[in-house]
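Subject: Structure handover

Hi,

Here is the structure I promised to pass on. Have a look at it first, and then read on for my notes.

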Amino acid sequence: MAALDRAENGQAMPVVQGIPVQPAPGVIGLQIEPPVSATMLDLPIQVVLSYRTAVTCFAVLDLAITVLNVVAAYATGLVWNWWQLLFLVFLLGPFCGILGASWLRRELVGVYLAFCIVKTCIQLYSAIFGFFLWAILFVFLQIWITKIVATFCYFLGRLSPIQRQMALDAKDYEVQRVYW
């Protein structure tokens, strides 16, 4: 009610986009600035820290799915040959992704990115020639995961060794989980 009385008497407080501007707390004439975050990080460091968890989660999921694919192939009656151990090479990609995201090593994340690209091509091939609805949806999912891993790898490459160490030591930084 008092604010309405002041407005009627011409003593209204200034308004910015419909929100009344209140005087800042503190001693009259001394303005207190809002607290600044203790950790001011560069944009590449922020992006790397934000994508780090997502890449780790996707690498763990890729590892589990790859193992399930190999087990399912042999469970359906596929004859075991020694050259089929090459399927285990596809486990290196997710392992490198997990370790690369944990240690912020671009080389390891690059191996995982190559794995994601190969997996995208294989799924695209099976979606085109199998024309199964779920295969088409999995292609889009794999493209999305590959895009996230590529963005993480790109920004990881922009970090200097000092910035990488800062990112590894940034424990009090509020990480924004990003999955797009």
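What share of the contacts in the chain with a separation of 6 or more comes from residues 24 or more positions apart? The answer is 74%. Keep in mind that this is a predicted model, so every value below is computed from it.

**Overall layout**

The chain has six helices and two strands, and along the sequence they come in the order α-β-β-α-α-α-α-α. It is 180 residues long, with 31% of them counted as buried.

**H2 against H3**

I looked at two helix pairs. In the first, helix H2 (residues 43-75) meets helix H3 (residues 92-103): their axes come within 8 Å and cross at roughly 160°. The cut-off for roughly antiparallel is over 145 degrees, so H2 and H3 are roughly antiparallel to each other. The crossing of H2 past H3 is left-handed. On the H2 side, the contact involves Arg52, Val55, Thr56, Ala59, Val60, Asp62 and Leu63, and H3 contributes Pro94, Phe95, Gly97, Ile98, Ala101 and Ser102. Sorted by class, the residues of this contact are eight nonpolar, three polar and two charged.

**H3 against H4**

H3 also packs against H4, with axes that come within 7 Å and cross at roughly 145°. This crossing is left-handed too. From H3 the contact takes in Gly93, Pro94, Cys96, Gly97, Leu99, Gly100, Ala101 and Trp103, while H4 supplies Leu108, Val109, Val111, Tyr112 and Phe115.

**The loop between H3 and H4**

Leu104 sits in the loop that links H3 and H4. Its phi is near 55°, which is a positive value in a residue other than glycine. Is Leu104 buried or exposed? Leu104 has a relative accessible area of 0%, so it is buried.

**Two more residues to look at**

Phe131 lies in the loop between helix H4 (106-130) and helix H5 (133-157). With a relative accessible area of 66%, Phe131 is exposed, because the cut-off for that class is over 50%. Leaving out residues up to four places away in sequence, Phe131 touches Ser126 and Ile136.

Gln163 belongs to helix H6 (residues 161-169). Its relative accessible area is 17%, so Gln163 counts as buried; the limit for buried is under 20%. Which residues is Gln163 in contact with, leaving aside its neighbours within four places in sequence? They are Asp42, Ile45 and Arg158.

**Cysteines**

How many disulfides does a search of the whole structure find? It finds zero. As for individual cysteines, Cys57 is partly exposed because its relative accessibility is 37%. Cys116, at 0% relative accessibility, is buried.

That's everything from my side.

Cheers

Technical notes: Residues are numbered from 1 along each chain as its sequence is written. This is a predicted model: local features need pLDDT of at least 70, side-chain atom pairs count only at pLDDT 80 or more; totals for chains, interfaces and linings use all residues. Side-chain values use heavy atoms; hydrogens and water are left out. A disulfide is a pair of cysteine sulfur atoms within 2.5 Å. Buried means under 20% relative accessible area, exposed over 50%, partly exposed in between (1.4 Å probe, protein chains only). Axes are lines fitted to C-alpha atoms, for helices over the stretch in contact, and angles run from 0 to 180 degrees between N-to-C directions. Helices (H or I, at least four residues) and strands (E, at least two) are DSSP runs, numbered from the N terminus. Angles under 35 degrees count as roughly parallel, over 145 as roughly antiparallel, 65 to 115 as roughly perpendicular and the rest as oblique. A crossing is left-handed if the near helix is turned anticlockwise from the far one by less than a right angle, and right-handed if clockwise. Contact means heavy atoms within 4.5 Å. Ala, Val, Leu, Ile, Met, Phe, Trp, Tyr, Cys and Pro count as nonpolar, Asp, Glu, Lys and Arg as charged, and the others, Gly among them, as polar.
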